Amino acid sequence: MSFDPMAAAIDWLDAYRAGDLDTILRMYADSAVTDCSCCVKEIVTDKVRLRTFLAERLKDCGASDLDDLQPIADGASVSYAAPNRVVHAILEFGTDGKIVRMRWSD
């Protein structure tokens, strides 16, 4: 069975909507880079900070309904409803199926 980045993006969104921080963190490579320009402006490059960063985002930028899902090279683009806006997330995956880069924007 081959890796499906679209399914992985939905799994990420489902875990994010559920507030399941441990599941979300397991989806990220140890060397993942997260670049956020929506709720806050921050680039996270370390897994310890990522835990805190994501916990903060779950509180202030929670997700509800899926808005759009599109394939991209090495990943998927997912948009979802958040309080008062639609948030766009681009997830790029490594060969092991882990998120290696994520870019969040409004």
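This is a predicted model: local features need pLDDT of at least 70, side-chain atom pairs count only at pLDDT 80 or more; totals for chains, interfaces and linings use all residues.

Colleague: Which residue does the side chain of Asp30 meet in a salt bridge?

Modeller: That's Lys47, with 3.5 Å from N to O. The pair ties together distant parts of the chain: Asp30 sits in strand 1 (residues 28-37) and Lys47 in helix 3 (residues 47-60), 17 residues apart.

Colleague: And Lys47, how accessible is that one?

Modeller: Lys47 has 27% relative accessibility, so it counts as partly exposed.

Colleague: How many salt bridges do you get in total?

Modeller: The count comes to 10. Another of them joins the side chains of Asp35 and Arg101, at 3.8 Å from N to O. Asp35 is in strand 1 and Arg101 in strand 6 (residues 99-105), so that pair links distant parts of the chain too, 66 residues apart.

Colleague: What about accessibility for Asp35 and Arg101?

Modeller: Asp35 is partly exposed with a relative accessible area of 23%, and Arg101 is partly exposed at 28%.

Colleague: Back to helix 3. How far apart are its end C-alpha atoms, and what span should we expect?

Modeller: They're 20 Å apart. With 14 residues at 1.5 Å a residue, the helix should span 20 Å, so the two agree.

Colleague: Which residues of helix 3 are buried?

Modeller: Leu50, Phe53, Leu54 and Arg57. Looking down the axis, the buried residues fall within an arc of 100°, which means they line one face of helix 3.

Colleague: What covers the buried residues?

Modeller: The cover includes helix 1 (5-18), helix 2 (21-26), strand 1, strand 2 (41-44) and strand 6.

Colleague: Which residue does Arg57 form a salt bridge with?

Modeller: Asp60, with the closest N and O atoms 2.7 Å apart. Both residues are in helix 3, 3 residues apart, or about one turn of the helix. Asp60 is partly exposed at 40% relative accessibility.

Colleague: OK, change of topic: Ser77. Where is that found?

Modeller: In strand 4 (residues 75-82).

Colleague: Is Ser77 buried or exposed?

Modeller: Buried, because its relative accessibility is 8%.

Colleague: What does the Ser77 side chain make a polar contact with?

Modeller: The side chain of His88, at 3.1 Å.

Colleague: Which residues does Ser77 touch, leaving out those up to four places away in sequence?

Modeller: Besides His88, the list has Asp68, Leu69, Gln70, Ile72, Ala89 and Ile90.

Colleague: Great, that's what I was after. Thanks!

Key. Residues are numbered from 1 along each chain as its sequence is written. Side-chain values use heavy atoms; hydrogens and water are left out. Helices (H or I, at least four residues) and strands (E, at least two) are DSSP runs, numbered from the N terminus. Buried means under 20% relative accessible area, exposed over 50%, partly exposed in between (1.4 Å probe, protein chains only). A polar contact is a pair of N or O atoms within 3.5 Å; within protein, one must be able to donate a hydrogen and the other to accept it, and residues adjacent in sequence count only if both atoms are side-chain atoms. Contact means heavy atoms within 4.5 Å. A salt bridge is a side-chain nitrogen of Lys or Arg within 4 Å of a carboxyl oxygen of Asp or Glu. The expected span of a helix is 1.5 Å times one less than its number of residues. The arc is that of the directions from the helix axis to the C-beta atoms.
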